[in-house]
Amino acid sequence: MAKKCVHKGCGKTYEDENEECVYHPGPPVFHEGQKGWKCCKPRVLTFDEFLAIPPCTTGTHSDVDDTPVPEPAQAPDVPTDTHVELGSLEESLPAPVPRIPTSQSATPKPAASPKPPEESEDDDPSLELKEGMTCRRKGCGKKFEGGSRDGESCVHHPGAPIFHEGSKGWSCCKRRVLEFDQFMNIEGCKTKDRHLFVGSGKKSGEEKVETVRHDFYQTGTSVIASLYLKKIDKESARVAFHADHVDLDLRTSDSKRYATEFPLFSTIKPEDSKFRILGTKLELTLVKADGAAWPVLRSDDKLTGEMIQVGRAGRA
C-alpha cells in the first residue's frame, strides 16, 4: 500500500520502506525576513528561494511524524512572602520628553516601484513538457506525468504567503495556522482548468545578463565551478555539456536571463559531467578528459605567470 512520506522537504509517495529519502530533519526558521532550516546553513529572503533549498540529510521514508514536541517552559518559583517597596508614583515615572515641532511641509513619500510583469497564466503549446515537471502555482505541487492533459484541475493559491506574529497563511484566503506543516497543507482557494508547468517560456521586460561572477576548485579528475546567479528557474533552465564548452540558457524568477556559450580551459567528458541549481548559483561538476590541472576556468580568462606554471605542471 502506498504511503506519503512526512519528512520535511520530501513529501513523496512510496511503497518500499527502505527507499532512500532526502529531507530536512530540523524545523523551518523565519527570523528578521530571513528564511531557512535549523538543520543547515542557507538563509534566503523570498519564500520561493526557501522552498528551493536542497534537503541536507539522507535516510529512509516514514509516515510517522517523529518531530520532538518542545516541553513548555516552567515559570520560576517566586516566594509569596517577599516584600516589595512600591515607592512614590512620581519617582517611578520617567521625565517628560520635550515635543519636537513638526514642519508644516511634510516629506513626500517615495513613489512605489512598479510591480514586475507577471508571466503568462497558460503554457505555451509549442514548448516541450517533460515528465516530472512541477506546477508553478503556489500550493498545487502536481507533477506532469505525460500523456493527455484533458481533465486537469489546478487548485492553488494566487496570493502571497503571510507570516505574522506566529500565524501563517495566504493573502488570498482567510485561514491561519500556527505550524509550518499545517501551512504547507492549506488547500488552495482558486481552481484553474490546467496546471502551469512552463508558462510562456519568456517574460516581458526580460533583462539580459551579459556576464556572471564565477569561481572554481578542482580535484585530480573534476573541476567544480560555481556561476553566481540568484533565483534561477529550475524548470526552464537549459544546460548542455560539450567537450570544450557548456551551453547555458538560465532564466530567473525576477525577469533576468543569462544565455551564453561558456568556453572551458580544457576538454571534459560531457556524458559524465553534471550540474545542480541552488538558491544563489549554478554549480557545474566538469569531469576532466585528461586529468590535467586547470589554472583558470574559462579559455578566455587571463593567465598570470603563476597560473601558466600551474598549467604546465599539470600537463607534465
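**Close-up views of a predicted model**

**View 1. Phenylalanine 47 and phenylalanine 50 in helix H1.** Phenylalanine 47 and phenylalanine 50 are three residues apart in helix H1, so about one helical turn separates them. In this predicted model, their rings form a tilted aromatic pair, with 6.0 Å from centre to centre and 35 degrees between the planes. Both phenylalanine 47 and phenylalanine 50 are buried.

**View 2. The aromatic pair of phenylalanine 30 and phenylalanine 50.** The structure holds 16 aromatic pairs. One of them joins phenylalanine 30 to phenylalanine 50 in a tilted arrangement, at 5.3 Å centre to centre and with 55 degrees between the planes. Because phenylalanine 30 belongs to strand E4 and phenylalanine 50 to helix H1 (residues 47–51), the pair ties together parts that are 20 residues apart in sequence. Phenylalanine 30 is partly exposed, with a relative accessible area of 30%, whereas phenylalanine 50 is buried at 1%. One aromatic cluster is formed by Phe30, Trp37, Phe47, Phe50, Phe163, Trp170, Phe180 and Phe183.

View 3. E4 and strand E5 (residues 34–37) run antiparallel and are joined by four bridges. Across this pairing, proline 28 stands opposite tryptophan 37 in E5. E4 and E5 form a hairpin with two residues between the strands, in which glutamate 32 takes a positive phi near 50 degrees. E5 also pairs with strand E6 (residues 43–44) in the antiparallel sense, over two bridges. Here lysine 35 stands opposite valine 44 in E6. The hairpin of E5 and E6 has five residues between the strands.

**View 4. Surroundings of histidine 24.** Histidine 24 lies in the loop that links strand E3 (20–23) to strand E4 (28–31). With a relative accessible area of 3%, histidine 24 falls under the 20% limit and therefore counts as buried. The side chain of histidine 24 reaches the backbone oxygen of isoleucine 53 at 3.5 Å. Beyond its neighbours within four places in sequence, histidine 24 is in contact with Lys8, Gly9, Trp37, Cys39, Cys40, Ile53, Pro54, Pro55 and Cys56.

View 5. In soluble globular proteins, nonpolar side chains tend to be buried together. The largest nonpolar core of the model has 25 residues, and Leu227, Tyr258, Leu282 and Leu286 have the most contacts inside it. Two or more residues of this core come from each of strand E15 (222–228), strand E16 (238–241), strand E17 (245–251), strand E18 (256–263) and strand E20 (281–287). A second, separate core has 12 residues, among them Trp37, Cys40, Trp170 and Phe180. Leucine 282 touches Ala225, Ser226, Leu227, Ile232, Val239, Leu248, Leu250, Phe275, Arg276 and Ile277, leaving out residues up to four places away in sequence.

**View 6. The open sheet of four strands.** The strands of this sheet follow the order E14-E15-E20-E19, with antiparallel pairing. Strand E14 (213–218) and strand E19 (274–277) are the edge strands, and each pairs on one side only. From one strand to the next, the twist averages 15 degrees. Seven bridges join E15 to E20. Serine 222 has valine 287 in E20 as its bridge partner.

Key
Residues are numbered from 1 along each chain as its sequence is written. This is a predicted model: local features need pLDDT of at least 70, side-chain atom pairs count only at pLDDT 80 or more; totals for chains, interfaces and linings use all residues. Side-chain values use heavy atoms; hydrogens and water are left out. Buried means under 20% relative accessible area, exposed over 50%, partly exposed in between (1.4 Å probe, protein chains only). A polar contact is a pair of N or O atoms within 3.5 Å; within protein, one must be able to donate a hydrogen and the other to accept it, and residues adjacent in sequence count only if both atoms are side-chain atoms. Contact means heavy atoms within 4.5 Å. A nonpolar core is a set of buried Ala, Val, Leu, Ile, Met, Phe, Trp, Tyr and Cys residues joined through side-chain atoms within 4.5 Å. Two strands pair if DSSP finds at least two bridges between them. Axes are lines fitted to C-alpha atoms, for helices over the stretch in contact, and angles run from 0 to 180 degrees between N-to-C directions. Rings of Phe, Tyr and Trp (its six-membered ring) pair if their centres lie within 6.5 Å; planes under 30 degrees apart count as stacked, over 60 as edge-to-face and the rest as tilted.
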